[in-house]
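Please look at how charged side chains pair in the structure shown here. The report below treats these pairs and their surroundings.

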Amino acid sequence: MPTSVPGSGQPIIEVRNLRKTYGPKVAVDDVSFSVQPGEIFGILGTNGAGKSTTVECLAGLRTPDHGTVRVLGVDPQARPDVIRQHVGVQFQESALHDKITVREAVNLFASYYDEPADADQLLRLLSLTKHQDKHFAALSGGLKQRVSIALALVGRPKVAILDELTTALDPAARRQTWELVKRVRDAGVTVLLVTHFMDEAEYLCDRLVIIDAGVVVAAGTPRELTSALGEGTSLEDVFLAHTGFAYDAGTDTDAASDDLDDLDDVA
Amino acid sequence: MTTTARPAVRSPKQSTTQRTLTPARSGRLSAPRRFATLVATEARVWLRDISTVATTLPFPIAFLLGIPAINEDMRHTFTEGVFAGFTGVDVFVPAVLAMSMTAPAVMALPTAFAGFRDKGVLRRMSATPLRPQAMLGAHVLINVAVTVLAAALALVAGHLVFGLTMPNDLAVVVGSYAAGVVVMFALGTVLAAVVKNPSHAAGVGMLVFFASLVSAGVMTPGGLPDGLAQVARFIPLGAAAQAMQEGWFGDGVPVLQLAVMAVWTAVLVPTAAKLFRWS
């Protein structure tokens, strides 16, 4: 994994004190981070932590209540046209017409962009060529996910936001997808990876933030975070430590079961 | 896949870029080209859902042939009054045309959009350069094409079976029909823009449909009583029906009704654009 040098050059994404509420509910409280061009940046967190709202603000789909967001140097609210051309988004729930074919969807989305990818090449890259004439609703979850990735990349974006990328995939497909993400990054695309899979974050991310209850509770490279926690710890341990599950292997069983009781409070 | 001609040391970037994405073209497609791709795709997908096709195309023809078949009196020619020289079937035609322009506009279109919204199709599009006006425009176009086709089929069949009499002023009838289609679809786009839920869309659509038919005098045989007819002139479908009737059986140009439809359209279209929600 290439090492990252924080602060080297202009960030491609900059978020400062982002805040977004829905009435009384605070989805994002105070989130700040920056992403360097060409890195794979992870956004980790439990459900309801504010990850999806944060990336939706980046993609210009939600208006922040407070704070500044700059993507490719512009405010997504001020220049949505720039964001739409150069930021590709892969949503968690991929949604297309039931009876649209894979090929038709790729061609349709390609037509919106100024310099789209070649459809045949893109389908080949994602091993979708033999499925290209199937209706979207007839595809398995894993295939639907690959179509969703294809649509995020068809515009040859500068930034790709991938939200829960490998949820429906079997282990072999997950590995293939990880390698694909690396190839995408190697081609110069900055990748924002929203995930709750620790192994994925550990394998792919150059740097990451952990968001809990709408705030950033940890930031850095996977290596920095694990070595800060202790020798031999994994990213999963880091995650659990920062999101309120301090399970210590050496304590007595009563304390351990107290911690398990706390699990009920998690959304 | 290595060849002996390759240099001994290869930088990682070179080999991976070869396997990633090269542009298909440089430079954007023109707006008409983009719109044509959208309409063609949406139309193809629309046609694959046999239930929507089956519920839109046959209705006008079924009404125009069916109602007079049940009600034989309609086939007699009026000898006096406003409709002298025309049969009851002729008098029924503007009502059928009014109905046929309304159902796709205020029921099918908003329900389809609510379905797209519910499924997340619109949200997926919102992150791309595609604009909501384009999506609305494409579906209006598809539904207008089906509306006109269904009406044409009904008229041809009606003429073959009953022998329809030409309107007094064909130009006025055609112009009024076109204005009616435009204003009813303008109304439909407002509903499509704001009604989020598919079952709400179906319910609201049905209410608007029936209210429109009442204003067009379709529900009351012999048309609306005078007082109500005066009010109905200012309601979109009421104006359309009266304008078509004037052109068919009358001798003037229904200037007021045409102006009413123009004003409604000028108000409704920007409203739809402004109120449109992706999700």
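Which side chain meets that of Arg62(A) in a salt bridge? The partner is Glu56(A), at 2.6 Å from N to O, where a salt bridge is a side-chain nitrogen of Lys or Arg within 4 Å of a carboxyl oxygen of Asp or Glu. This is a predicted model, in which local features need pLDDT of at least 70 and side-chain atom pairs count only at pLDDT 80 or more, while totals for chains, interfaces and linings use all residues. Residues are numbered from 1 along each chain as its sequence is written, chains are lettered from A and ligands numbered from 1 in the order in which they are written, and side-chain values use heavy atoms, with hydrogens and water left out.

Over all chains, the structure holds 17 salt bridges, including these:

| Pair | N to O distance |
|---|---|
| Arg207(A) and Glu39(A) | 2.8 Å |
| Arg62(A) and Glu56(A) | 2.6 Å |
| Arg79(A) and Asp81(A) | 2.9 Å |

Because Arg207(A) lies in strand β8 (residues 207-212) of chain A and Glu39(A) in the loop between β2 (25-35) and β3 (40-45), their pair ties together parts that are 168 residues apart in sequence; strands (E, at least two residues) are DSSP runs, numbered from the N terminus. Arg207(A) is buried at 13% relative accessible area, and Glu39(A) is buried at 5%, where buried means under 20%, exposed over 50% and partly exposed in between (1.4 Å probe, protein chains only).

Arg79(A), at 39%, is partly exposed, and Asp81(A), at 38%, is partly exposed too. Elsewhere, salt bridges that share partners join Glu56(A), Arg62(A) and Arg123(B) into one network; within it, Glu56(A) is buried at 10%, whereas Arg62(A) is partly exposed at 30%.

Terms used:
Helices (H or I, at least four residues) and strands (E, at least two) are DSSP runs, numbered from the N terminus.
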